[in-house]
Amino acid sequence: MKKVNLAVVGATGMVGRTFLKVLKERNFPIDNLYLMASKRSAGKTMEYDGKEYVVEELTEHSFDKPIDIALFSAGGSTSAKFAPIAAEHGVIVVDNSAQWRQDPKVPLVVPECNPEDISWNSGIIANPNCSTIQAVAVLKPLDDKYKIKRVVYSTYQAVSGAGVAGWNDLENGLKGEAPKKFPHPIAGNCLPHIDIFMDNGYTKEEMKMIWETRKILHHPELKVTATTVRVPVFNSHSESVNVEFENPVDIDEVKKILSEAPGVVVVDDPANDKYPLAIDATGTDQVYVGRIRRDESVENGINLWVVADNIRKGAATNAVQIALMLAEAMN
Ligand code: A2P
């Protein structure tokens with residue numbers, strides 16, 4: 001594969017550092033690598049593949065040099081300003097923020113679900129929300145087979161999703177310190193509040209799951225509702241996913257479809273206390289599904305328990321998978 005010039009924007013952050021890990025693990029074909037972050041980090045060095053790289057400050061001129069692909073994870077306002085500048089310079093941006101996800105000109109991609117959408121990008125491709133990625137990886141093959149009618153999400157989200165500050169709030173909270181990132185203590189607590197509250201009473205995290213599920217599954221009218229909750233878990237998100245279908249479902253067939261789905265691993269042996277767990281998912285790239293059972297309150301419904309590493313598959317790994325597909329297409 002032809003080597004590409006790659007920039008990582010937000011390289012010093014939690015997702016940024018994981019980009020570098022996953023790029024190395026996947027032997028990403030890199031010619032020149034540029035690490036960018038805020039002014040605070042300019043001049044710091046970071047290691048990639050045994051070599052030291054100096055972090056540069058992200059500015060309007062960062063993309064004057066030849067760069068093919070840029071992975072962004074530096075927050076929405078940074079993406080709002082700098083992703084279009086990069087795209088104007090011919091860079092293809094894979095953006096991990098929520099900034100561009102609902103833009104009709106921007107594909108929102110989970111490679112296991114809608115890889116075909118990569119082709120109509122005009123310089124920016126959005127990486128979905130972490131909670132959405134793991135859910136749709138499981139929903140897509142079931143939608144293809146039974147046609148989804150309605151989805152009810154309830155999430156149990158790790159503090160790593162709130163970056164270094166979120167992680168610190170749990171670590172320090174366990175020692176009795178007051179929270180700095182979250183509005184309440186997270187140690188020994190569950191916060192039904194992720195991102196800001198919207199006028200309809202939902203949080204933005206809940207609306208992201210609703211909007212993004214519809215966009216990725218190409219079902220603009222799909223009935224989806226969500227309650228998203230921050231829990232005192234360091235890493236990996238867990239989700240209860242209740243699904244109702246148009247067509248009759250067979251539970252053994254559901255298990256077979258999911259066991260054959262790309263990137264999905266079925267862990268479902270309740271007799272031996274086996275079901276997906278956050279501590280098992282951490283450090284891996286798969287989406288785990290278990291507790292697969294009929295929803296006995298409706299005609300064609302099922303309940304699922306879905307777990308994945310939110311920093312890897314929910315962010316860095318998904319973006320690197322997209323970038324690899326872009327790099328292949330550049331050959
Ligand atoms: P820095 O480390 O210099 O602040 P996290 O969400 O894990 O805290 O990471 C956020 C990432 O986004 C960091 O790499 C951070 O860089 C980067 N970042 C934040 N604001 C900016 C900005 N205005 N320009 C470039 N990078 C930014």
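This is a predicted model: local features need pLDDT of at least 70, side-chain atom pairs count only at pLDDT 80 or more; totals for chains, interfaces and linings use all residues.
1. A polar side-chain atom of Ser38 lies 2.6 Å from an oxygen atom of the ligand. An N or O atom in the side chain of Ser41 is found 2.4 Å from a ligand oxygen, and a backbone N or O atom of Gly10 is 3.1 Å from an oxygen atom of the ligand. A polar contact is here a pair of N or O atoms within 3.5 Å; within protein, one atom must be able to donate a hydrogen and the other to accept it, and residues adjacent in sequence count only if both atoms are side-chain atoms. The ligand taken alone exposes 580 Å², of which the protein buries 68%. Accessible areas come from the Shrake-Rupley method with a 1.4 Å probe, and for residues only the protein chains shown count as cover.

2. Residues are numbered from 1 along each chain as its sequence is written, and side-chain values use heavy atoms, with hydrogens and water left out.

3. Helices (H or I, at least four residues) and strands (E, at least two) are DSSP runs numbered from the N terminus, and two strands pair if DSSP finds at least two bridges between them.

4. Within this sheet, strand 6 (residues 69-72) and strand 7 (residues 92-95) run parallel and are joined by four bridges. Ala70 stands opposite Val93 in strand 7. Contact means heavy atoms within 4.5 Å. Axes are lines fitted to C-alpha atoms, for helices over the stretch in contact, and angles run from 0 to 180 degrees between N-to-C directions.

5. Strand 1 and strand 2 pair in the parallel sense over five bridges, and Val4 stands opposite Ile30 in strand 2. Strand 2 (residues 30-37) is largely enclosed by the rest of the structure, because six of its eight residues are buried. Buried means under 20% relative accessible area, exposed over 50%, and partly exposed in between (1.4 Å probe, protein chains only).

6. Pro66 lies in the loop between strand 5 and strand 6. This residue is exposed, with a relative accessible area of 61%. Leaving aside neighbours within four places in sequence, Pro66 is in contact with Asn5 and Tyr34. Pro66 and Val4 are 62 residues apart in sequence, with 9.7 Å from C-alpha to C-alpha.

7. Strand 3 (residues 45-48) and strand 4 (residues 51-54) pair in the antiparallel sense over four bridges. They form a hairpin with two residues between them, and Asp49 in the turn has a positive phi of about 55°. Glu47 has Glu52 in strand 4 as its bridge partner.

8. Another open sheet of six strands has the order 10-9-11-14-13-12 and mixed pairing. Strand 10 (223-230) and strand 12 (264-266) stand at the edges with a single partner strand each, so one side of each is left without a neighbour in the sheet. Neighbouring strands of this sheet are turned by 20° against each other on average, direction ignored. Strand 11 (residues 237-245) and strand 14 (residues 301-308) are antiparallel over eight bridges; the bridge partner of Val241 in strand 14 is Leu304.

9. Helix 3 packs on this sheet, touching strand 9 (148-157), strand 11, strand 12, strand 13 (287-294) and strand 14, and its direction makes about 25° with that of strand 11. Helix 5 (residues 204-216) lies across strand 9, strand 10 and strand 11, running at about 140° to strand 10.

10. Asn129 is placed in the loop between strand 8 and helix 3 (130-146). It counts as buried, at 4% relative accessibility. The side chains of Asn129 and Glu205 are joined by a polar contact of 3.1 Å.
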